Amino acid sequence: MSNNIWVVIENAENDLTELSKEMMNKAKAIAKTLNKKLVAVVSGYNEEEICNKSIAYGADLVLNCNHKLLKDYTTLPYTKVFNEIIDKYNPYLVIFPASVNGRDLAGRLCAKKNLGLVAECSDLKLDGEDIKFIRPTFDGKLFSDIRVTTKPMFATIGHGAFSPAKYDNENKGEIIEEKVELTDADILTEILSKIPSQVKESELIFENAKIIVSGGMGLVKSKNWHLIEEFADALGASVGASKPICDLGICSSDFQVGVTGKNVSPDIYIAVGISGAIQHINGIKKSKLIIAINSDPNAPIFQIAHYGIVADLFDILPKLTEKINKEKNA
Ligand SMILES: Cc1cc2nc3c(=O)[nH]c(=O)nc-3n(C[C@H](O)[C@H](O)[C@H](O)COP(=O)(O)OP(=O)(O)OC[C@H]3O[C@@H](n4cnc5c(N)ncnc54)[C@H](O)[C@@H]3O)c2cc1C
């Protein structure tokens, strides 16, 4: 059971998150090449369905850390449990999601165990038995190749770096019920209630969206943001934004696209009034089709766009929105 490849699973609505599926896909390939087992670590309370699904997504083994005090993520009990299972099983590599909780847990554990962590990797490559951790650096202008000299190796992975693992009910694996010992004394903080997010449903699916319409500084003012929302609504798309738009509070930073925001890989990415700075481009490169709308024919975004529309967005967006809505209602 030691020396294997671990993926820390997160779940949403009785399924693995898209990011967990992406990590599983990459981890499976690494495990196969290195002749190791892929272990999905499921933590929470009564997550049997997630354990079974982890096997369907490719896990050879599932470590089920089941305890009512793990129902919601809080730092201390999760750190305690992961610290213990890592000591017990001594994995080769542990991959965490670069989510809010995944970052928190990975950072805590590495500090506690004095181990190296490569954060927000965009790729993992094999070099013999060794792993090259690739991540953007210098504001996304370079990709550095980092080695971890401590074991187990730890990494966090951001969304969109890999394609998701395929679900296959025929996959076989074993679920190990881990004995979790936690008492109320291990819990210093308690979640008293959860406040549902105010964002629209179309925005919630941002990271998994098939179509994203992103707005940039070409919009100039917050009062023009409705043009992006209306266009996105017409297309059934999610909205996204460049960093300055988020910095100005015009759009929530949850929807910032780019190296310091989210990496996205939709079927169609439409960049409206976005110049195409390297930090933005690096977050959209994996989109299947990129369409850019910009009034400047020399804007760098046109260098990576599959289709470009040189136009004033204030002129063309309302027309496109109207046309799409008309077609839909016809
Ligand atoms: C450490 C660091 C990290 C960063 N991380 C990110 C990141 O994650 N994501 C990100 O996006 N940026 C990031 N940036 C910022 C990045 O460098 C750019 O400044 C930013 O992406 C530019 O945003 P923009 O394209 O919206 O604005 P601008 O560069 O100002 O571009 C506006 C575009 O709109 C066009 N335009 C103007 N008027 C119209 C009109 N009427 N119709 C059509 N087009 C019009 C212009 O021709 C121009 O191309 C980062 C920067 C640093 C230093």
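Helix H3 (residues 75-89) has 15 residues and reaches 21 Å from its first C-alpha to its last, close to the 21 Å expected at 1.5 Å a residue. The expected span is 1.5 Å times one less than the number of residues. Helices (H or I, at least four residues) and strands (E, at least two) are DSSP runs, numbered from the N terminus.

This is a predicted model: local features need pLDDT of at least 70, side-chain atom pairs count only at pLDDT 80 or more, and totals for chains, interfaces and linings use all residues. Residues are numbered from 1 along each chain as its sequence is written, and side-chain values use heavy atoms, without hydrogens or water.

| Helix | Buried residues |
|---|---|
| H3 | Thr75, Pro77, Tyr78, Thr79, Val81, Phe82, Asn83, Ile85, Ile86, Tyr89 |
| H10 | Leu313, Ile316, Leu317, Thr321 |

Buried means under 20% relative accessible area, exposed over 50%, partly exposed in between (1.4 Å probe, protein chains only). The buried residues of H3 pack against several elements, including strand S1 (5-8) and helix H4 (100-113). Contact means heavy atoms within 4.5 Å.

Threonine 75 lies in H3. Threonine 75 counts as buried because its relative accessibility is 18%. Its side chain makes a polar contact with the side chain of aspartate 104 (2.7 Å). A polar contact is a pair of N or O atoms within 3.5 Å; within protein, one must be able to donate a hydrogen and the other to accept it, and residues adjacent in sequence count only if both atoms are side-chain atoms. Just after H3, asparagine 90 takes a positive phi of about 50°.

In H10, the buried residues pack against helix H6 (225-235), strand S15 (268-272), strand S16 (289-294) and strand S17 (307-310). The face turned away from the buried side of H10 carries the exposed residues Lys319, Lys323, Lys326 and Asn329.
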